[in-house]
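This report examines a pair of protein chains, taking the contact between them and then the strands of each. The sequence and the structure are shown first.

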Amino acid sequence: KAGVTQTPRYLIKTRGQQVTLSCSPISGHRSVSWYQQTPGQGLQFLFEYFSETQRNKGNFPGRFSGRQFSNSRSEMNVSTLELGDSALYLCASSEGQAHPSGNTIYFGEGSWLTVV
Amino acid sequence: GESVGLHLPTLSVQEGDNSIINCAYSNSASDYFIWYKQESGKGPQFIIDIRSNMDKRQGQRVTVLLNKTVKHLSLQIAATQPGDSAVYFCAENEGSNYKLTFGKGTLLTVNP
């Protein structure tokens with residue numbers, strides 16, 4: 001079974017631009033979460049989607065948005081990029097049913113975003 | 001690959017020794033805890049988890065201990081191998097939220 005797949009793996013953007021990152025969850029998984037990882041702040045939760053609905057949201061500005069499609073694939077978008085948005089963006093998937101303890105949360109390899 | 005978490009607590013052990021990585025969590029309402037391993041340039045890899053109604057759980061070469069009184073979690077790795085070298089994160093979750101809160105991580109270095 002294929003793991004969580006994220007594209008692109010590396011990208012460089014200019015301040016003020018926008019970026020879209022894509023995530024394909026493990027087959028059969030309906031929950032997709034996004035995390036930002038930086039040296040200063042560590043791993044921080046962005047948002048989580050289940051069956052095309054956002055169930056949970058972290059404390060990030062409105063420039064960060066996401067969506068989930070009917071096939072469970074997800075995208076996240078960051079508009080008006082700032083230098084501080086440079087980070088590793090990680091996607092995680094799980095079956096998403098009931099309590100997380102019955103549904104292992106698996107991570108992808110991440111998308112490295114550099115804003116210049 | 002690139003690395004994240006450049007200023008982390010570090011633990012250096014000799015190959016074959018046992019390792020203990022500690023984590024203090026913040027939310028007394030958290031009821032589910034996970035340990036992840038992250039190698040350079042890769043995403044976090046699930047190691048072992050534990051629910052708050054347990055205080056110990058064992059896997060293959062790993063054991064997680066949970067002390068809810070002092071909000072402390074530890075990961076024990078038996079017979080540590082060079083391939084265990086990585087950053088280890090604890091994560092906590094409350095209720096049915098799929099919203100993990102991660103600790104800062106510990107860099108484990110295994111010397112041959």
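## The contact between the chains

Chain B contributes 26 residues to the contact and chain A contributes 29 residues, where contact means heavy atoms within 4.5 Å. The model is predicted: local features need pLDDT of at least 70, side-chain atom pairs count only at pLDDT 80 or more, and totals for chains, interfaces and linings use all residues. Residues are numbered from 1 along each chain as its sequence is written, chains are lettered from A and ligands numbered from 1 in the order in which they are written, and side-chain values use heavy atoms, with hydrogens and water left out.

The size of an interface is often given as the accessible area lost when the parts come together. Between chain B and chain A, the buried area is about 2400 Å²; this is the accessible area (1.4 Å probe) that two parts lose on being put together, summed over both. Carbon and sulfur atoms give 59% of that area.

There are zero salt bridges between chain B and chain A, a salt bridge being a side-chain nitrogen of Lys or Arg within 4 Å of a carboxyl oxygen of Asp or Glu. Five residue pairs between the two chains are in polar contact, both residues being at pLDDT 80 or more. A polar contact is a pair of N or O atoms within 3.5 Å; within protein, one must be able to donate a hydrogen and the other to accept it, and residues adjacent in sequence count only if both atoms are side-chain atoms.

Which elements of chain B give two or more residues to the side that touches chain A? They are β3 (32-38), β4 (45-51) and β8 (86-93) of chain B. β3(B) gives the most, with four residues. Strands (E, at least two residues) are DSSP runs, numbered from the N terminus. By class, this side of chain B has eleven nonpolar, nine polar and six charged residues. Ala, Val, Leu, Ile, Met, Phe, Trp, Tyr, Cys and Pro count as nonpolar, Asp, Glu, Lys and Arg as charged, and the others, Gly among them, as polar.

## A sheet in chain B

In chain B, an open sheet of four strands has the order β2-β7-β6-β5, with antiparallel pairing. Two strands pair if DSSP finds at least two bridges between them. β2 (19-24) and β5 (56-58) of chain B stand at the edges with a single partner strand each, so one side of each has no neighbour in the sheet. Neighbouring strands are turned by 15° against each other on average, direction ignored; the axes are lines fitted to C-alpha atoms, and angles run from 0 to 180 degrees between N-to-C directions.

| Strand pair | Bridges | Facing residues |
|---|---|---|
| β2(B) and β7(B) (72-77) | six | Ala24(B) and His72(B) |
| β5(B) and β6(B) (62-67) | three | Gln58(B) and Thr63(B) |
| β6(B) and β7(B) | six | Leu66(B) and Leu73(B) |

The hairpin of β5(B) and β6(B) has three residues between the strands, and Arg61(B) takes a positive phi near 70° there. In the hairpin of β6(B) and β7(B), four residues lie between the strands, and Lys71(B) in the turn has a positive phi of about 50°.

Chain A has an open sheet of four strands in the order β1-β3-β8-β7, with antiparallel pairing. Its edge strands, β1 (5-7) and β7 (64-68) of chain A, each pair on one side only. The twist averages 20° from one strand to the next. Five bridges join β7(A) to the antiparallel strand β8 (residues 74-78) of chain A, and Gln68(A) has Ser74(A) in β8(A) as its bridge partner.

Most residues other than glycine have a negative phi, and most peptide bonds are trans. Ser51(A), which is not a glycine, has a positive phi of about 50°; Ser51(A) is placed in the loop between β5 (42-50) and β6 (53-57) of chain A. The peptide bond from Thr7(A) to Pro8(A) is cis, with omega near -10°, and Pro8(A) lies in the loop between β1 and β2 (10-13) of chain A.
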